[in-house]
Amino acid sequence: MKRMNEKALREALKLYFVMGSANCREEPAEVLKKAIAGGITMFQFREKGKGALTGAEKFALAEELHYICKKAGIPFIVDDDIPLALALNADGVHIGQEDEPIERAREKIGDRILGVSVHRAEEAKAAIEKGADYFGVGPIFPTKTKEDARSAVGTGLIRKLRSEGYTIPMVGIGGIQPENAASVMEAGADGVAVISAISAAENVVRAAKTLKECVFY
Ligand SMILES: Nc1nc(C(F)(F)F)ncc1COP(=O)(O)OP(=O)(O)O
Ligand SMILES: [Mg+2]
């Protein structure tokens with residue numbers, strides 16, 4: 001698999017939907033189809049938190065959501081679980097600072113997309129040297145979705161990384177809603193990553209569409 005070129009990755013990161021079964025009010029497959037209809041540009045399967053599926057059930061859901069993304073031509077990323085990503089031949093993985101070391105992850109996934117969480121500027125240089133393709137920077141705003149989230153960093157960290165000359169594709173994550181999404185883009189992000197703003201919405205299609213308007217301006 002060829003590494004996705006940077007321009008295509010920046011485009012794909014515009015509206016990055018992150019979801020697991022615990023984040024949904026209805027069947028995850030239905031939520032994903034609606035989010036795609038609303039214009040998401042990339043998807044991350046993040047099966048975590050209370051009641052998260054494991055084993056064969058987790059694999060079956062991942063397979064179902066991967067198929068939906070493939071049919072729609074949307075990149076499918078797996079959070080944390082590299083063996084699952086390889087078993088599905090996913091388009092990439094996302095890892096945090098406490099997950100598998102970045103260089104190990106890069107060795108295992110070859111040219112697939114490798115996203116890395118960045119909470120502090122000090123983490124940025126090493127992440128790039130070890131093979132990151134994009135940064136998930138956050139949490140930008142306070143979030144209830146990620147139970148062990150660190151304190152919110154605001155849009156200042158994205159601005160700081162850009163001012164220090166980092167040009168790597170970056171997406172902000174954490175508490176992003178239509179009201180604050182534009183500020184994340186103005187700080188220099190290539191896109192926004194959201195969980196509950198889409199997955200927990202009354203009208204998933206409309207929620208995705210509204211956020212999409214905030215990131216294309
Ligand atoms: N899953 C994520 N996705 C992104 C994205 F790039 F999509 F913005 N950024 C950050 C995270 C957080 O990743 P991590 O630190 O491993 O915590 P968790 O495994 O609980 O998600
Ligand atoms: Mg993780």
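**Note on pockets, metal site and ring pairs**

1. The lining of the second largest pocket has seven charged residues, three polar and one nonpolar. The residues are A22, N23, R46, K48, G49, K50, K144, T145, K146, E147 and D148. The space inside is about 200 Å³. Keep in mind that this is a predicted model.

2. Now the largest pocket. It holds about 700 Å³ of space. Its lining counts 37 residues. R46, S117, K146, I173 and I195 lie nearest the centre. Look again at R46 and K146: both also line the second largest pocket.

3. What is the make-up of the lining of the largest pocket by class? There are 14 polar, 13 nonpolar and ten charged residues. Several elements contribute at least two residues each: strand 1 (15-19), strand 4 (92-95), strand 7 (170-173), strand 8 (191-194) and helix 9 (196-199).

4. Next, the metal. Which residues coordinate the magnesium ion (ligand 2)? They are D80 and D99, each through OD, at 1.9 to 2.4 Å. The two come from distant parts of the chain, 19 residues apart. D80 sits in the loop between strand 3 (76-79) and helix 4 (82-88). D99 sits in the loop between strand 4 and helix 5 (102-109).

5. Are these two aspartates buried or partly exposed? D80 has 23% relative accessibility, so it counts as partly exposed. D99 has 30%, so it is partly exposed as well. The cut-off for buried is under 20%.

6. On to the rings. The whole structure contains three aromatic pairs. One of them joins Y16 and Y134. Their ring centres are 5.9 Å apart, with 75° between the planes, and the pair is edge-to-face. Y16 belongs to strand 1 and Y134 to strand 6 (residues 134-137), so the pair ties together parts that are 118 residues apart in sequence. Both Y16 and Y134 are buried.

7. F43 and F76 make another pair. Their centres lie 5.9 Å apart and their planes meet at 35°, so this pair is tilted. It too links distant parts of the chain: F43 is in strand 2 (residues 42-45) and F76 in strand 3, 33 residues apart.

8. How accessible are these two phenylalanines? F43 has 0% relative accessibility, so it counts as buried. F76 is buried too, because its relative accessible area is 0%. Ring pairs also bring in F17, which forms a cluster with F43 and F76.

Methods: Residues numbered from 1 in each chain as written. Chains lettered and ligands numbered in written order. Predicted model: local features only at pLDDT ≥ 70, side-chain atom pairs only at ≥ 80, totals over all residues. Heavy atoms only, no water. 1 Å grid on protein atoms, 1.4 Å probe; cavity = no way out; pocket = protein on both sides within 12 Å on 5 of 7 lines; lining within 4 Å. Points joined across faces, edges and corners; volume = space filled by probe spheres on them. Helix = DSSP H or I, 4+ residues; strand = E, 2+ residues; numbered from the N terminus. Nonpolar A, V, L, I, M, F, W, Y, C, P; charged D, E, K, R; others polar. Donors = N, O, S within 2.8 Å, 3.2 Å for Na, K, Ca; no water. Buried < 20%, exposed > 50% of the residue type's maximum accessible area, 1.4 Å probe, protein only. Phe/Tyr/Trp six-rings, centres within 6.5 Å; stacked < 30°, edge-to-face > 60°.
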